[in-house]
Amino acid sequence: MIPLISFVGYSDSGKTTLLVKVISELKSRGYRIAVIKHDGHDFEIDHKGTDTYKHRQAGADIVCIASSKKVAIIENFTHPPVLDDIVQSITNVDLILTEGFKQEKKPQIEVHRQGIECIGPKKNRIALIADQQIYEGVPYFKLDEIEAVADFLENIIQDSTL
């Protein structure tokens, strides 16, 4: 089973900036990484006039576009999908990282900056990345400790492949 870790925190806490650096560090170590980004709004990656847009407008529930280097799948759901529904189709990676999904029960690393509300203690919190330690009993990393965060995630990858 592929380990999954959710990076959570409120808007402007630095989740995306941190994740980009962590992903880059893990890639430099040779790991394959998948990322799932939660969007609280209805996003649109297909645009009017494209063939796939026309397919969806005609009623296709799933539209897939494939080239020699990448594949994109757009699926319409009748109800909001849960994270387990999404990860089922992800294979051939060493780690799945998510940005958001703070309501899910998956292992979470909170990203927090001073002046922004913290999420609060949770049983599934496995680490905190912040300006300062705000929770007892969880590993703590400063926002600029990218290599240490990558070491922490690398241990999770290695433990899950035993």
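Which residues does Asp46 touch, not counting residues up to four places away in sequence? I looked this up and found Thr52, Tyr53, Arg56 and Ile74. Touching, or contact, means heavy atoms within 4.5 Å.

**Ground rules.** I am working with a predicted model, in which local features need pLDDT of at least 70, side-chain atom pairs count only at pLDDT 80 or more, and totals for chains, interfaces and linings use all residues. Residues are numbered from 1 along each chain as its sequence is written, and side-chain values use heavy atoms, with hydrogens and water left out.

I placed Asp46 in the loop between strand 2 and helix 2. Helices (H or I, at least four residues) and strands (E, at least two) are DSSP runs, numbered from the N terminus. Asp46 is buried, at 6% relative accessible area. Buried means under 20% relative accessible area, exposed over 50%, and partly exposed in between (1.4 Å probe, protein chains only). I also checked Asp61, 15 residues from Asp46 along the chain; their C-alpha atoms are 14 Å apart. Thr52 belongs to helix 2, residues 51-57. Why does Thr52 count as buried? Its relative accessible area is 10%. Leaving out residues up to four places away in sequence, Thr52 touches Asp46, Val63 and Ile65.

**The whole chain.** I counted four helices and eight strands. Their order from the N terminus is β-α-β-α-β-β-α-β-β-β-β-α. The C-alpha trace spans about 55 × 35 × 25 Å along its principal axes. Of the 162 residues, 37% are buried.

**Strand 5.** Next I took strand 5, residues 95-99, where five of five residues are buried. Side chains in a regular strand alternate between the two faces of the sheet. Here Leu95, Leu97 and Glu99 point one way, and Ile96 and Thr98 point the other. I then looked for its partners; two strands pair if DSSP finds at least two bridges between them. Strand 1 (residues 4-8) runs parallel to strand 5, with four bridges. Leu4 has Ile96 as its bridge partner there. Strand 2 (residues 33-37) also pairs with strand 5 in the parallel sense, over five bridges. Val35 is bridged to Leu97.

**The cores.** A nonpolar core is a set of buried Ala, Val, Leu, Ile, Met, Phe, Trp, Tyr and Cys residues joined through side-chain atoms within 4.5 Å. The largest has 22 residues, and Phe7, Leu26, Leu95, Leu97, Ile109, Ile129 and Leu153 touch the most other members. At least two residues each come from several elements, including strand 1, helix 1 (15-28) and strand 5. Helix 4 gives the largest share, six residues. Apart from this core lies another, of eight residues, among them Ala34, Ile36, Ile96 and Phe101. I followed Leu26 too: beyond its neighbours within four places in sequence, Leu26 contacts Tyr31, Ile33, Leu95, Ala150 and Leu153.

**Helix 1 against helix 4.** How do the axes of helix 1 and helix 4 cross, and within what distance do they come? They cross at roughly 65 degrees and come within 9 Å. Axes are lines fitted to C-alpha atoms, for helices over the stretch in contact, and angles run from 0 to 180 degrees between N-to-C directions. Helix 1 contributes Leu18, Lys21, Val22, Glu25 and Leu26 to the contact, and helix 4 contributes Ile146, Glu147, Val149, Ala150 and Leu153.
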